[in-house]
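Let's take a walk through this structure together, strand by strand and then into the ligand site. Please keep the viewer open as you read.

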Amino acid sequence: MAEDEPPGASLKPLVFRVDETTPEVVQSVLLERGWSKFDQQERNMEDWNLYWRTSSFRMAEHANVKPWQCLNHHPGTTRLTRKDLLAKHLRHMERLYGAPLYEFLPPTFVMPSDYSKFVAEYFKEKQALDAKLSYWICKPAELSRGRGIIIFSDIKNLIFADTCIIQKYICNPLLVGRYKCDLRVYVCVTGFKPLTIYIYQEGLVRFATEKFDLGNLQNSYAHLTNSSINRSGASYEKIKEVVGSGCKWTLSRFFSYLRSWDVDDLLLWQKINRVVILTVLAIAPSVPFAANCFELLGFDILIDDNLKPWLLEVNYSPGLSLDCSADVSVKRRLIHDTIELMHLHSLRNDRKESCSAANGSPGVSLARKDRGQGRDLPHESFSQPGSRRAFSKDGTPGEKGVTACPENQHTCQPRAVLSRQEVRPPTREPPKAKPKARARHPALKTLIPRVSLIQARGREKGLSLCVQPDSSWVPGPQAGNFVLIFPFNEATFGASRNGLNVRRIIQELQKLTHKQCSQAAEEKTKRK
Ligand code: ADP
């Protein structure tokens, strides 16, 4: 044991349990962090701390979870991740709180039940557009990876068998070098009661590998951005205009590209945060309570040429295979940071337990021993809510940058100004401005291009949001690259504690959006 290990570090290593569906990268990261793999022959059935698998757990498994155990799924989240259920839940929220709030979901019809509504809409639009074509996409409700998708303009090309959704096809996507792309944004919900949502500040951008062309709707390589499809395309290896070879970028590279075109990437990220909160909010009141579990979700977001984010779908067990360098740099760190987040919550539970004065709990928690980031950092890396990471020059998280910092400094996550990519004019109309040599946010925002809502507010008020006015302890706003986006202020903290006051939360969200938009407009005027 290293001489400087803190007391308690000599405890047994943590144990993870897997099945045949557990992604390889999860296992390798856990082993790297000093965890042991559960072996049924050698251990007591209950002697494990984390069970990570691709499929969901049965309610009985949730009910039997021990205080020292954690599951990587929360019951009831398929309400978000099945395309038909997502549409139904968001539509329900529209009815309750007004359609404009949920306009980020393209108009969607669930088949076969909405067939006549779709036909009516189809002909209404056809009439309104006169000679122009309207475009639709039909997606099987339960399939993934682009399987079974058809894009059509003429209703006679629509064929469907099982439950599927028909959705307005976003035909003005933001193109990068004439290629369509969408964003994979990772979100971790560490609890629904009370609702606690973290967003990951790094992610992936997935590109189509053939040029976008509405004249040929049958070409999946031009219209679908799934890497499982594009990897097998003839143009995958080709050096494509602006995009380069392959079909993925990191999110930080994409934002850097946008900034070089004078796009307000901060405002775009704030809009994406809002989409995430409103989406999770749609199911939060109806999911059953379950302790010791979390859900890592993959939000697929398409940006159109007006810089509006559209929610395409939410993925359950987002793909974690490492197929290219962007995957390796994002997904390994993502798993490290998910484990950090889990520790943060375990710590919270420990604190609660100690506050409630020895209620007979076995005192075994997830904070037994974890080396963290390949270094011997048994506790320090997750015991500080303000833990932050150093960032390398290209804006991606540094390899060994875990540093503890005082709680009141948690808002400062330095990001070096991102190095500029080779940039050529994108094919979308606006922005027409020339690429700029320097990012255009004021200093702080340049350094923190995608600052979270809570960070922004914390900075404004100059206080740490870790300790709330009622003295309850909420998880720190940051664990690695995960940033807390809900609750995002004291009001939403209060509105999510004893039951969920959705109306109040939406009011707060609207206030915040209004403020963010005015700030963005003010900055724009100042720059002119
Ligand atoms: P899957 O679960 O099969 O991946 P998605 O809903 O993610 O289904 O759709 C697959 C791909 O199809 C997306 O990554 C995107 O490129 C494209 N796509 C899906 N829905 C739309 C839409 N409404 N408008 C434009 N493109 C879409």
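Seven bridges hold β10 and β14 together, and the two strands run in the antiparallel sense. To find the pairing in your viewer, look for Arg-184, which sits opposite Asp-300 of β14. Keep in mind as you go that this is a predicted model.

Strand β11 (residues 195-200) pairs with β10 antiparallel, over five bridges. In that pairing, Cys-188 has Tyr-198 of β11 as its bridge partner. β10 and β11 also make a hairpin, with two residues between the strands.

Next comes β12 (residues 204-207), an antiparallel partner joined to β10 by four bridges. Here Leu-183 faces Val-205 of β12. Strand β9 (residues 175-176) is linked to β10 through two bridges, again antiparallel. Leu-175 is found opposite Lys-180 of β10. These two strands form a hairpin too, with two residues between β9 and β10, and Gly-177 in the turn takes a positive phi of about 55°.

Which residues come nearest to the ligand? Of the 24 around it, they are Lys-139, Gly-146, Thr-225, Asn-226 and Glu-313. Sorted by class, the shell holds nine nonpolar, six polar and nine charged residues.

Asn-226 places a polar side-chain atom 2.7 Å from an oxygen atom of the ligand. The backbone contributes as well: an N or O atom of the Ile-170 backbone lies 2.9 Å from a ligand nitrogen, and for Lys-168 a backbone N or O atom is 3.0 Å from a nitrogen atom of the ligand. As for overall cover, the ligand on its own has 540 Å² of accessible area, and the protein covers 99% of this.

Let's move on to another sheet. Four strands make up an open sheet with parallel pairing, in the order β2-β1-β3-β4. Its edges are β2 (36-37) and β4 (70-71), each of which pairs on one side only. Strand β3 (residues 50-51) meets β4 through two bridges, in the parallel sense. One of the residues to look for there is Leu-50, whose bridge partner in β4 is Cys-70.

A last stop is helix α8 (residues 251-260), where you will find Ser-260. Is this residue buried or exposed? Ser-260 counts as buried because its relative accessibility is 4%, and the cut-off for buried is under 20%. Its side chain makes a contact within the protein, reaching the backbone oxygen of Tyr-257 at 2.5 Å.

Terms used
Residues are numbered from 1 along each chain as its sequence is written. This is a predicted model: local features need pLDDT of at least 70, side-chain atom pairs count only at pLDDT 80 or more; totals for chains, interfaces and linings use all residues. Side-chain values use heavy atoms; hydrogens and water are left out. Two strands pair if DSSP finds at least two bridges between them. A residue is near a molecule or strand if one of its heavy atoms lies within 4 Å of it. A polar contact is a pair of N or O atoms within 3.5 Å; within protein, one must be able to donate a hydrogen and the other to accept it, and residues adjacent in sequence count only if both atoms are side-chain atoms. Accessible areas come from the Shrake-Rupley method with a 1.4 Å probe; for residues, only the protein chains shown count as cover. Ala, Val, Leu, Ile, Met, Phe, Trp, Tyr, Cys and Pro count as nonpolar, Asp, Glu, Lys and Arg as charged, and the others, Gly among them, as polar. Buried means under 20% relative accessible area, exposed over 50%, partly exposed in between (1.4 Å probe, protein chains only).
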